[in-house]
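This briefing is meant to be read slowly, with the sequence and the structure open beside it. Please look at the picture before turning to the points below.

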Amino acid sequence: MVRLRQDPMPLMLALLLATAGASLVIGKVWLPPVMLFDGLAAPKPNLAWVIVTELRIPRTVLALMVGATLGLGGAVLQGLLRNPLAEPGLLGVSGGAALGAVIAIYFGLAARFALATPLLGIAGALVAGALTFLFGRSGTLTLILAGSAVSGLAAAGLALALNFAPSPYAAYEITTWLLGSVAEKEWRQIALCTPFVLAGWLCLAATPHGLDALTLGEAQAESLGVNLNRLRVLALAGVAFSVGAATAMAGAIGFVGLVAPHLVRPFVGYRPSRILLPSAVFGALLLLVTDIAIRVIPTSTELKLGVLTSLIGTPFFFWLVLRLRRMSP
Amino acid sequence: MTILHAENVSFDIAGRSLVSNIDLACESGQFVALLGANGAGKSTLIRMLSGLERPSRGQVRLDARPIRAIDRRVLARRRAYIPQNARVEWPVAVERLVALGLMPQLPVFGDLDRAAWRKVEAALALCDLSHKTGQPATTLSGGELARAMLARALVGEPEIVVADEPLSGLDPRHAMDGVVRLAALARDGRLVIASIHDLTLAARYATHVAIMRGGRLLAYGPTASTLTSSRISAAFDVDACVQGTGAQAIVDFIARPDQPALHPFPGLVPA
C-alpha cells in the first residue's frame with residue numbers, strides 16, 4: 001500500500017513557526033531580532049517589550065487561533081456535507097456572531113465595556129447555531145437550507161442595524177468591524193473567547209471517524225455503526241462554539257475555511273479524517289501570512305484582513321469552477 | 001447459526017403503507033433473492049432487515065434479540081449492508097475504500113495494523129481488485145465499483161450480507177460474476193439477502209426467493225418450488241415461463257395477448 005504523496009505536516013509546521021517569528025518583528029515599527037532580545041533582557045517596561053507583548057503577540061495568537069478554527073471548521077463541514085462549497089459560514093454561525101457583535105456596537109455597549117462585542121458575538125453564534133440545529137437536524141440538505149435561512153436572517157439584521165445606525169460614525173464602525181481584523185485586540189478579549197474556541201475544537205475532534213465513513217454515503221456510514229445525528233450535533237456545536245467565538249473576536253473573515261481543506265486534501269489521499277489537522281495548520285498559516293502582508297503593503301488607510309482574504313480567495317473560486325468543469329464530462 | 005426474523009413488520013410513511021405485515025425468517029447458508037416490481041417495498045424491507053429503519057409495527061429479530069436493541073457497532077460487525085447505487089464521495093484509494101469496512105472492528109483512534117491490511121488485501125483478491133490498488137475509487141467503472149463495495153462489505157467477515165440491487169447497471173458478465181460471488185458467500189455459511197431484478201440469475205443461484213407485491217409478501221420458500229410462472233405473473237403483471245431448474249433455469253417474459261397495445265402518446269391515437 002503506497003502513500004500517494006509526502007506528508008505535508010512537517011513542512012507546514014516549520015513554515016508556521018517561521019511565520020510566527022516573522023510576525024513578531026514585522027509591523028509599523030520594524031523590530032530586528034537583536035532589538036527584540038535586548039528588549040526582553042532590558043528592565044521592563046520598555047518600548048520593544050510593550051510592542052511585542054501588547055500588540056504583536058496578541059495579534060499573532062489571534063491570527064493563528066482564528067485561522068486554525070476556520071481551517072478546521074471548513075474541513076469538518078466539507079466532510080460532513082460532502083459539498084465542495086461548504087465552509088464555516090454556511091451554518092449561519094458567522095452571521096449570528098457578526099449580528100451579535102454589531103448589536104454591541106450599535107447600542108454603544110462596546111464603547112463602554114470592551115468585552116461586550118465578543119460576549120454578544122458568542123451569544124449570537126450560539127443562538128444562530130441552535131436555530132440551524134432546530135430546523136435542520138434531520139438531514140444534510142435540511143441542515144444546509146436551515147443554515148442559509150439563518151444566514152439570511154442575520155444578514156437582514158445587519159442591514160437593519162446599518163439602516164438605523166444612530167450616527168454616521170456608528171455605521172462606519174460597524175462596517176469596518178465587519179471587514180474583519182485581528183489587530184488591536186486586548187488580551188482579556190482573547191482570554192474570554194479562548195475557552196469557547198477550545199470547546200469547539202474538542203467537539204470537532206470527535207468527528208473524524210464518522211467523516212471517514214461518510215466517504216461511502218449516509219446509508220453505508222449508518223450501517224457501519226456511525227450515529228449520524230450525533231455526528232451532525234458534534235459538527236454543528238463545534239462550529240458554533242469555535243467559529244462563533246473566532247468571528248466574535250475578529251469579524252467575518254471569508255474564504256480561509258473554504259480554501260484550506262481543498263488545498264491540503266490531495267496531500268493526504270483525500271481521506272476526510274486526515275485533512276482536519278493539516279487544514280487547521282494551513283488555515284492558521286494562511287491567515288497569519290495574510291495578516292503580515294497587510295502590515296507590509298503600504299496603504300494610506302489600513303487594509304483589513306477580511307478584505308485581503310476575500311481578494312485572494314475569489315480567484316481560488318474560479319480555479320475550483322475550472323477544475324470541476326474539467327472533471328465532469 | 002444465525003437467524004434473521006422479520007416478525008409481521010409494516011412500514012408507513014406520510015400516510016402511505018410501503019410494507020405491510022411481512023413475516024420472513026432467514027438463516028445462515030441461505031441466499032435469499034428478494035423479487036418484486038419497482039415500488040413493491042423491497043428497499044424498505046431491506047433497510048428494516050438491516051436494522052437501519054425501525055418498522056412502524058412489528059420488529060426484526062437477530063437471533064431472537066430485537067435488532068434495534070443491538071449496539072450499532074456490534075451490529076455493524078455482524079451485518080454488512082450495500083445500498084442501491086452505492087457511490088464514493090471522495091477520490092480515496094481503492095484499498096482505503098475497502099478498509100472502511102473494518103471500521104466497526106477498529107478502535108475510534110488509530111490506523112489499521114498489519115493484520116487489518118492483510119484482511120483488506122484478501123478482500124481485494126476475493127473480488128478480483130488486487131490490480132486496482134492505489135487507484136482513486138472515483139475512477140472505477142460501474143462493475144469495478146460494485147465489486148469494491150462488495151469487498152468493503154466482506155472485509156469485516158460479516159455473518160449477514162444485505163444488498164439492495166447489487167446487480168443493477170452491470171453488464172451480463174459482471175452481473176453473473178456478482179451473483180456467483182453472492183451464492184459462494186451463502187455456501188460459505190453466511191446469510192445473503194439481495195433484491196434482484198434478473199429473474200434468471202435469481203432462479204439459477206438463489207437458494208430461496210421472497211416475492212413481493214404492493215408491500216406484501218406473495219410467496220417465500222426454496223427457489224425451485226417457489227419461483228413459478230403463475231407467481232411471477234402475479235408479481236410483475238407479465239406472463240412468464242420458467243424452464244428448467246438450478247444452473248440451467250431460464251425465466252422469460254411473454255406479452256399478454258389481452259394486453260392493449262401501448263402507444264407512446266395515447267391521446268393522439270386516431271379513434
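The model is predicted, and the values given here were computed from it. Chain B holds an open sheet of 4 strands and another open sheet of 6 strands, while in chain A the point of interest is how helix 1 packs with helix 3. Between chain A and chain B about 2,700 Å² of area is buried.

**The sheet of 4 strands in chain B**

- The strands of this open sheet follow the order 2-1-4-5, and their pairing is antiparallel.
- Strand 2 (16-27) and strand 5 (65-66) of chain B are the edge strands, and because each has a single partner strand, one side of each is left without a neighbour in the sheet.
- Strand 1 (residues 3-13) of chain B is joined to strand 2 of chain B by 8 bridges in the antiparallel sense, and within this pair B:Ile3 stands opposite B:Glu27 of strand 2.
- The hairpin made by strand 1 and strand 2 of chain B has 2 residues between the strands, and B:Ala14 takes a positive phi near 45° there.

- Strand 3 (residues 31-36) and strand 9 (residues 208-213) of chain B run parallel and are joined by 5 bridges, and B:Val32 has B:His208 in strand 9 as its bridge partner.
- Helix 9 (residues 229-236) of chain B packs on the sheet, where it touches strand 3, strand 9 and strand 10 of chain B, and its direction makes about 35° with that of strand 9.

**Two helices of chain A**

- Helix 1 (residues 9-25) and helix 3 (residues 47-81) of chain A pack at an angle of about 150°, with their axes 9 Å apart, and their crossing is right-handed.
- Helix 1 of chain A brings A:Leu16, A:Ala20, A:Ser23, A:Leu24 and A:Val25 to this contact, where they meet A:Val52, A:Arg56, A:Ile57, A:Thr60 and A:Leu64 of helix 3 of chain A.
- Sorted by class, the contact between these helices has 7 nonpolar, 2 polar and 1 charged residues.

**Where chain A meets chain B**

- The contact takes 27 residues from chain A and 32 residues from chain B, and carbon and sulfur atoms give 64% of the buried area of about 2,700 Å².
- The count over all chains comes to 15 salt bridges, and 1 salt bridge is found across the interface of chain A and chain B.
- In a salt bridge, the side chains of B:Glu89 and A:Arg82 meet at 3.3 Å, N to O.
- B:Glu89 lies in the loop between strand 6 and helix 3 (94-99) of chain B, whereas A:Arg82 lies in the loop between helix 3 and helix 4 (93-106) of chain A, so the pair joins two chains.

Key: Residues are numbered from 1 along each chain as its sequence is written. Chains are lettered from A and ligands numbered from 1 in the order in which they are written. This is a predicted model: local features need pLDDT of at least 70, side-chain atom pairs count only at pLDDT 80 or more; totals for chains, interfaces and linings use all residues. Side-chain values use heavy atoms; hydrogens and water are left out. Two strands pair if DSSP finds at least two bridges between them. Axes are lines fitted to C-alpha atoms, for helices over the stretch in contact, and angles run from 0 to 180 degrees between N-to-C directions. A crossing is left-handed if the near helix is turned anticlockwise from the far one by less than a right angle, and right-handed if clockwise. Contact means heavy atoms within 4.5 Å. Ala, Val, Leu, Ile, Met, Phe, Trp, Tyr, Cys and Pro count as nonpolar, Asp, Glu, Lys and Arg as charged, and the others, Gly among them, as polar. Buried area is the accessible area (1.4 Å probe) that two parts lose on being put together, summed over both. A salt bridge is a side-chain nitrogen of Lys or Arg within 4 Å of a carboxyl oxygen of Asp or Glu.
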